[in-house]
Amino acid sequence: MFVLGLNGSPRRKGNNDYLLSLFMDEAEKRGCATHTIAAAFESYEPCIGCGYCEKKGLCSIKDDMARDLFSLMRKADVIVLASPVYFYGVPARIKGIIDRIQTLWSRKYRFNLKDPGAEYRKGILLSVGATHGKNLFDGIRLTTRYFFDAMDCTYDRELCYPGIDDRGAIAAHPGVKDDVKRLADKVLTPFQQRKRILFACRENAGRSQMAAGFARQLAGDAYDVISAGSSPAQTINPLAVEAMARKGIDIAFNQPCSMDDALALGNVEIIVTMGCGEACPIIPGCKVVEWDLPDPAEKPLEAVCDIRDEILERVKSLLC
Ligand SMILES: Cc1cc2nc3c(=O)[nH]c(=O)nc-3n(C[C@H](O)[C@H](O)[C@H](O)COP(=O)(O)O)c2cc1C
């Protein structure tokens, strides 16, 4: 499973840095792959409100955010936002990222596309503020709720601490380590109980991406679904993206993954191969299922849709 952390604080070694690191350490102890983005130290452009995403479903700003962060957001099983309260909202740089999520909002609400993991993905808010007002976290909660909704993950739990101001003050707060450990137990344990299934083809651009999309949608609560290619392409096949979009499933930001990177996650229990031939890995004790499927590369959309339908039936009979 994959946990994405977003740190909204511009203060190095500050309170949110501490909280988020505690959570990510707990996730790693439980075998999760993790990645943390510190918003203040990235050079993402803010949203310019051009409306392009609402018409085209893509961001007009072609930076690392459009290329990499959307993809990390789609890949995550759990997204953790850690942010201080700044004027009852979030600091500017993380707000910049949140506003750029208008692209995912548009894909969901204008194009009716869902993240395949929408039913099981979870969002967590970690926050601190200096004062004790009863409405201290109201603004940040609302922003976070709609941020998570646009990314198709449920606002699951939160840890919000008032009265925390000086750098590192949270570390002296009684019980904070236990709070974070308990939170990690509640959020991550159900994910840890899933079996890992790997869909593998040659380029991880079409067949295995479509299979993984359906598997996440139909059985992602029971299976940690990953996909990879023996010779990964640079980008996913746009016709596979379109074929899945016709079923309401959004795989547009997925990136092809190498077999080595997929296997580094460890412990694959089922591997479904579909055309990687002798380059497919042999893992002792792992159940291997071989699907003889045509390669959608260079085929017209209607042929890709036929392959997609065949994949859907096979995923259903394997996992449902
Ligand atoms: C620009 C700015 C605005 C802030 N606004 C608020 C606020 O509205 N309410 C509050 O209780 N604390 C506010 N704070 C205090 C921070 O929330 C507090 O210092 C927090 O512990 C910082 O967390 P960090 O160390 O992770 O950056 C503000 C701090 C700054 C620098």
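Predicted model: local features only at pLDDT ≥ 70, side-chain atom pairs only at ≥ 80, totals over all residues.
**Entry 1: a helix to begin with**

I started at helix α1, residues 15-29, where I found both Lys29 and Glu26. The two sit three residues apart, about one turn of the helix. I then looked at their side chains, and they meet in a salt bridge, 3.3 Å from N to O. Side chains of opposite charge can pair when their charged atoms come close.

How many salt bridges does the count come to? I got 30.

**Entry 2: the domains**

Next I looked up how the chain is divided. The domain assignment gives domain 1 as 2-192 and domain 2 as 195-319. I took the centres over C-alpha atoms, and 28 Å separate the two.

**Entry 3: where the domains touch**

I wanted to know how many residues of each domain are in contact. On one side I have 17 residues of domain 1, and they contact 15 residues of domain 2. The size of an interface is often given as the accessible area lost when the parts come together. For this pair I noted a buried area of about 1,300 Å², with 57% of it from carbon and sulfur atoms. Which residues of domain 1 lose the most area to domain 2? They are Leu113, Pro116 and Tyr120, which together make up 40% of what the domain 1 side buries.

**Entry 4: charged and polar links across the boundary**

I counted two salt bridges between domain 1 and domain 2. I also looked at Arg74 and Asp250, whose side chains meet in a salt bridge at 2.7 Å, N to O.

Which elements give two or more residues to the domain 1 side? I found α3 (64-75) and α5 (102-109). Helix α3 brings the largest share, six residues. Sorting that side by class, I wrote down eight nonpolar, three polar and six charged residues.

**Entry 5: around the ligand**

Last, I went to the ligand, which 17 residues surround. I listed the closest as Ser9, Asn16, Thr131, Ile164 and Asp165.

From the side chain of Arg11, a polar atom lies 2.9 Å from a ligand oxygen. For Asn15 I noted a polar backbone atom, 2.8 Å from an oxygen of the ligand. Ala130 also has a polar backbone atom to report, at 3.0 Å from a ligand oxygen.

Methods. Residues numbered from 1 in each chain as written. Heavy atoms only, no water. Domains from an automatic or database assignment. Contact = heavy atoms within 4.5 Å. Buried area = accessible area lost by both parts, 1.4 Å probe. Salt bridge = Lys/Arg side-chain N within 4 Å of Asp/Glu carboxyl O. Helix = DSSP H or I, 4+ residues; strand = E, 2+ residues; numbered from the N terminus. Nonpolar A, V, L, I, M, F, W, Y, C, P; charged D, E, K, R; others polar. Near = heavy atom within 4 Å. Polar contact = N/O pair within 3.5 Å; in protein donor to acceptor, adjacent residues only side chain to side chain.
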